[in-house]
Amino acid sequence: MSLLKFRTLRENTVTRTTMNPFLRLLLFAFALSQSLQGVEPLISSVLPRGGMRDSVQEVVIRGQRLDETAEFFFYSEGIEVSKIVEEKSTALKASFSISDKASFGQHKLRIRTNEGLSNLYTFWVGPFPNVQEKEPNSGFDDAQGIPINSTVNGVILNEDVDYFEINATKGQRISVEIEAIRLSGPLFDPYVALLDDKRFELATSDDSELLLQDSTLSVIAPSDGVYRIEVRDSSYKGASSYQYRLHVGNFPRPLVVFPAGGEAGKTQEFTFLGDAKGDFKAKITLPATTIDNELAYYHLENNLSSPSPNRIRVSSFPSVRETEPNQSRKVATITELSLPLAFDGIIQEDGDIDYFRFHAKKGQRYYIRAMARAVASPLDPVLNLYDGEGKSLVGNDDSSNGPDSLLTYTFPKDGEYLLRITDHLSKGSPRHVYRIESHRLVPEVSASIPMFRNRDTQTRQMLPIARGNSVATALTISRKSFRGDLEFIAQNLPAGVTMEAPVVDESFTSAPILFRAAPDAPLANSLIDLRLKYENTEKKQLVEGSFAQNVSLVYGAPNNRTYYETKVDRLAVGVVDSLPFKVKLHQPVTPIVKSGSQNLKVEIIRDANFSKAVTVRILTRPPGIGAKSSLSIATGKSIGYYPLTANGSATVGAWKIGVQAETSAPGGGIWRAASDFIDLRIEEPYLSMKINMAAVQRGQDGEMLCDLNVKRPFEGMATAELKGLPPFSATTKIEFDSNTSQISFPISTEDKSRAGLTKNLFCFVKIPYSGELITHTVGQGGQIRLDNPSPKPKAPAKPKPKAVVAKAPPKPAKKKPLSRLEQLRLAAQGGSN
């Protein structure tokens, strides 16, 4: 669709209003978290969250940096902004004129001020007039009366419950549908109930296959009287950000369609299941072309339709509908057609299994997807593929973080094959609808802007271009099933804006694009249709793709996962006021060689009164090129050098690279400007080197021999510098010319150096080139061993004198004790003397 761009006259009236303190705190926290987004305006709320088709809705927009709002722009047709009243930098009012052709549902929008583009926000269009919720309505007896066929714009505060009262007659359909989590605020999981005047629940709804976490219900009024609708968060949470839109009316509300799809351009009959008045049929002609291969169908009854559609799949290939019985291989539904095909059926009851027999061609590779939740069915499909004899080939239960199944298979031969589908828990019902689609793997390509921060799909996803300046971004390139160089094509550029996008080499997964705005370019915005193209005339192959971005709008536990997102297929750009600086990346004279390094000169061109520090970031790097995340150029300085390194696998060639400079802006946010692209030339090295292992004694001198292999001649004298020596060791630079095959580094060591083996020595070699030097890193993995000095010879030891040991006198012999008789004799002898 073409961009709708509505310029308005801004009124000078400034109205001061009092902001809720909690909301002020919320806005401050949100603005702080987005402080790196730029001077772009920040939308934090749009109230009410929607309006009725064919009406004018007054809205209040709150956020940051909303002063000087020049225009709103929408991604779809049907809404014009007829008036903007600026209150202050954090709030403004606008009048949305919603045409009778505006589609129901979500409309994506942004704001452009004179300094930037806002984050993406949403506004919803419905079939009924708005009614504002009014407190007190938190009690059953305090229910707020509302007319049938109206939409309530309300809010659930913490532990809040809202009640609404309607009158209905017996036999009248009462349908209720809520937009809560889809309004892109917090993780609001709504609960809705319909009660009679005696407080008896007639129907309740928490989650639904049709509307994800949002609720819907539909009943037939059993009698004339008053009925009440209860609305709350399923866990009784709430806050001022828990906004909802509650649709209450007599509209039809089917829940699922069978078959779930059909062939493009053909008319067929569909059965709508789950409506309170019973199933009904409708003949529908499917469009020849669609977005995302589906038709959003709103069934009209008595000039009333549901606020949300039933989505019908649209395929370019035929569909095969199941024929019961088909619960086994022997009675499988048979088609003589070959893939690609779609298969439609219903798991009618508990334990039901469906089989399909079809043909496939040898060598063809297919995605085969069983869609159930994707078509609002409660089925949790399990899909299996068999050969014609019943041999199992491949199977799948869940895929892509959801319950639907996906098979990827290359068919080994021509012939018959079988598909089997059932429910994971063997459940079934008339609403357990499924559609199996087979899509052949064909070449695909797309481009997206990488996330600036984890779990942040909004920051830097839009490109404000300052007058007389440039802005750039890196794009992530996603290819499937082909290799080849890609070119970019941009359509719908703003006046005075040009794009430069280098050809993307087939081996690259990222590429930079640059937008320039002329000094006199009108301040304006545009949604660019950015296309990618690969064409090989010899092979008669053409592959085309586009910009595609998933924008996460609701995060929650666990792990801050995405619960609700939307997709954009156009890149938002806008021309804004000029900046007080530019950035220039100087073209280097020398190439960078494999296993080499280079410093790129960056210059900040400042206006006379601009002296702030500037941070410079490289946009993209060719494969094999390394660079630090940013370079800081200090306050008042203008020159900096961005270091690059190339590994041994860097891709030889000339590649476009650029840098983006940014600095803090007055009033908060970031100014951004990009340099023109330069050619980074990557070449083969001039030489290689082998460092021969050396051994040196501590405290002594030695040498290290290095063998050179000069692969490319050069003029003049090169220098080599040995790196990685152990502490207290030293050497000197060596000069040599291109005829040298070996150099020797003198090594000196000190006594206090430590003995041992040192690994990972290398050399910086600088080759002269046009007055500059090309730096090589060579000889990686060199080794040197420092040895301890040999020990001094020891003097012969003197013989030790033998010690003389004096002999102890012999001990007297121990006398034998005298007997009693001998003692008497001895005593007698002594007596005689």
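These legends describe close-up views of one predicted model. Local features need pLDDT of at least 70, side-chain atom pairs count only at pLDDT 80 or more, and totals for chains, interfaces and linings use all residues. Residues are numbered from 1 along each chain as its sequence is written, and side-chain values use heavy atoms, with hydrogens and water left out.

**View 1. Phe343 and Phe356 form a tilted aromatic pair.** A pair of aromatic rings is described by the distance of the centres and the angle of the planes. Rings of Phe, Tyr and Trp (its six-membered ring) pair if their centres lie within 6.5 Å; planes under 30 degrees apart are stacked, over 60 edge-to-face, and the rest tilted. Here the centres are 5.1 Å apart and the planes stand at 50°, so the pair is tilted. Phe343 lies in strand 31 and Phe356 in strand 32, 13 residues apart. Strands (E, at least two residues) are DSSP runs, numbered from the N terminus. Phe343 is buried at 1% relative accessibility, and Phe356 is buried at 0%. Buried means under 20% relative accessible area, exposed over 50%, partly exposed in between (1.4 Å probe, protein chains only). Both rings belong to one aromatic cluster, with members including Phe358, Tyr366 and Tyr409. The structure holds 24 aromatic pairs.

View 2. Phe762 is partly exposed at 22%. Phe764 is partly exposed too, at 28%.

View 3. A salt bridge is a side-chain nitrogen of Lys or Arg within 4 Å of a carboxyl oxygen of Asp or Glu. Glu662 is in strand 58, and Arg460 is in the loop between strands 39 and 40, 202 residues apart. Glu662 and Arg460 are buried.

**View 4. Asp275 and Arg173 form a salt bridge.** The closest N and O atoms are 2.9 Å apart. Asp275 lies in a loop and Arg173 in strand 15, so the pair ties together parts 102 residues apart in sequence. Both residues are buried.

Technical notes. Helix = DSSP H or I, 4+ residues; strand = E, 2+ residues; numbered from the N terminus.
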